[in-house]
Amino acid sequence: KMLLPCRKALLSAWQRHKCRFFSATPSSWSAKKGLVLGVYEKEKDEGGQLLTEAGKALDRSLSGRLSQMLSISGPSIKKGKGRVFYGLHEDFPSVVVVGLGKSSDGVCGKESWDSCKENIRAAVSMGCRVLQDLEVSVVEVDPCGDGQSAAEGAVLGLFEYDELKSKKKFRVTPRLHGSSDLAAWEKGVVYAEGQNLARWLMEAPANHVTPTVFADTIEQKLAPHSNRVTVHKRPQTWIEEQQMGAFLSVSKGSEEPPVFLELHYRGSATSSTEPLVLVGKGITFDSGGISLKPSSGMDAMRADMGGAATVCAAIVTAAALKLQIDIIGLAPLCENMPSGRANKPGDVVKAKNVFFFFVSDIFHYFDFCLSVLLSSGGACTAAAFLREFVTANHWAHLDIAGVMSNKDEVPYLRKGMSGRPTRTLVEFDLTDQLIV
C-alpha cells in the first residue's frame, strides 16, 4: 500500500510521456511529413554507426537526440534494414533510419557494379514503403551522398500496378530532403519514371495494352517533346507495302491489327551525326500460336513486348533529359495467337530482305527459347539469326528474358514485371552522347 502512490505517479508520468511522444492526431498526421535518413555501418574496429550529412544536421538540430535514440534502441542498423522513431521532430512525426551498409563499399571491377549506389536504392525504397504503410503522404528523402540513386530507390520502390484493384496502395509523394543535390535527384526521378513506364506496359493485361494502345500510350508520353520527337504509327497496309513477311506471319493469327511503331528523337545539334538505333520486340501477348505454350505461366507472356517497352521508355526518358544524341526506336507490335490463319510448323516465310526461313520451334519462337536455353547457346542462336537482317557494322543483341520479372532479386522493385533494362539503355544513350 505504501508503494501504491509511487506506482500511480510512475504510471501517470509514463502515460503523459507516451501521449506526448505519439501526440499527432489522425488529421494532423496526414498533414505532416515523414523522413527517411541513412546511416552507415562503421568499420569493424570503430563500432557504432555513422550518420549521413543530412542525418548529422538533423541530429544537431535535436541536440544529439537522434544519436542517443539510435544508441539505446538496439544494435547497429544493418544494410537494408530500418528503424522507425516517432515524435522525434515536430515536422516529421515519423522518421525512418535505414542502413546503407559500409561507406567503403565500392564498385565491383569485374561487372562495374556500384554496390554503394545499389545499397542507397534498396535502403531508401524500404524506408519509403514503411512510411507508405503508415499512410504518410509526403516523404522527404535523405540524398545519402547520391541524390540520383536515392530518387531512383524512392520512385521505383513505391511503384505498384494496382489500376484494376479496388483497394489501392496509399499514394506517397517522395521529395528531396534539403536542396544540396537537387539536380541529381530530379535526374533520378526521370530515370525511375522511365522504368516505371516500362513496368506499367509490361504489367498491364494484354487486353488492356494491345498493339494500338501501346503505340497510343507512347505517343502521348512523347507529346510534350514534339519539337524533338517524331512518332510514326505504321498500320498494317504500310507493313504489307514494305513486304515485312516475317512480321505479318506472326500477327496474322490475331484479330488485333499489327502496328509498326517508329520513333525519331533528334537531340544532336548537327544533322550529320549517325543515329543510335534501338529495336525492341513488341509481342503484346505470345500464346505460342498453333504451337501453344503451356498454360502454366502463360499470363506472363503479356510482357513478351518487354523489349519494345524498355526501348520506347528509354527514348521517352532521353527526351525528358534532353540528351544530345539522335535515336531511332523501332517496335514491331502484334499478338501471336492461334487461329485458322496462324502460322503452321513447316511453313516457309519470306522476310523483307528476301531471306527465306523455315518456321520451327527454334526460329519462330526464338525469344521464348532464349529464356529456356540461356545456358546452352540460346542467346547466341538468336544473335546468329538476327545477323541475317542487320546491315550496320556495329550492333549488339540483348537477351532480357532473364530479367523480365522480379521476385526478390532486386530489393527496390516489388514483385512483378521489372521494366529492366530501361535505365541501362538510357545510360548507354548517355555514353554514346559523350563519345559523339
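In this predicted model, helix α5 passes helix α6 in a right-handed crossing. The two helices span residues 115-133 and residues 147-158, and their axes come within 7 Å and cross at roughly 45°. At that angle, α5 and α6 are therefore oblique to each other. On the α5 side, the contact is made by K117, I120, R121, V124, S125, C128, R129 and Q132. On the α6 side, the residues are S149, A150, E152, G153, A154, G157 and L158. By class, this contact of α5 with α6 holds 6 nonpolar, 5 polar and 4 charged residues.

L197, W200 and L201 are the residues of α7 in the contact, and they meet F214, T217, I218 and K221 in α8. The contact of α7 with α8 divides into 5 nonpolar, 1 polar and 1 charged residues.

The loop between α7 and α8 contains T210. Leaving aside neighbours within four places in sequence, T210 is in contact with E256 and T284. Is T210 buried or exposed? With a relative accessible area of 8%, T210 is buried, because buried means under 20%.

T284 is also touched by M305, a residue in the loop between β12 (282-286) and α11 (306-321). Not counting residues up to four places away in sequence, M305 touches L201, M202, V209, F214, K281, G282, I283 and T284. Of these, L201 and F214 also take part in the contact of α7 with α8. M305 and M202 are 103 residues apart along the chain, yet their C-alpha atoms are separated by 7.1 Å. M305 is buried, with a relative accessible area of 1%.

Helix α4 (residues 65-72) has L66, M69 and L70 as its buried residues. Why do they lie on the same side of α4? They cover an arc of only 100° around the axis, which puts them on the same side of the helix. In general, an α-helix has 3.6 residues a turn, so residues three or four places apart point the same way. The exposed residues S71 and I72 are on the face of α4 turned away from its buried side. Just after α4, G74 takes a positive phi of about 145°.

Backbone geometry calls for a note at some other places. Most residues other than glycine have a negative phi, and most peptide bonds are trans.

| Residue | Phi | Location | Relative accessible area |
|---|---|---|---|
| E135 | about 60° | loop between α5 and β7 (138-141) | 46% |

Where is the cis peptide bond? It joins R420 and P421, with omega about 10°. P421 is found in the loop between β17 (416-417) and α14 (422-435).

Definitions and conventions:
Residues are numbered from 1 along each chain as its sequence is written. This is a predicted model: local features need pLDDT of at least 70, side-chain atom pairs count only at pLDDT 80 or more; totals for chains, interfaces and linings use all residues. Side-chain values use heavy atoms; hydrogens and water are left out. Contact means heavy atoms within 4.5 Å. Helices (H or I, at least four residues) and strands (E, at least two) are DSSP runs, numbered from the N terminus. Ala, Val, Leu, Ile, Met, Phe, Trp, Tyr, Cys and Pro count as nonpolar, Asp, Glu, Lys and Arg as charged, and the others, Gly among them, as polar. Buried means under 20% relative accessible area, exposed over 50%, partly exposed in between (1.4 Å probe, protein chains only). The arc is that of the directions from the helix axis to the C-beta atoms. Axes are lines fitted to C-alpha atoms, for helices over the stretch in contact, and angles run from 0 to 180 degrees between N-to-C directions. Angles under 35 degrees count as roughly parallel, over 145 as roughly antiparallel, 65 to 115 as roughly perpendicular and the rest as oblique. A crossing is left-handed if the near helix is turned anticlockwise from the far one by less than a right angle, and right-handed if clockwise.
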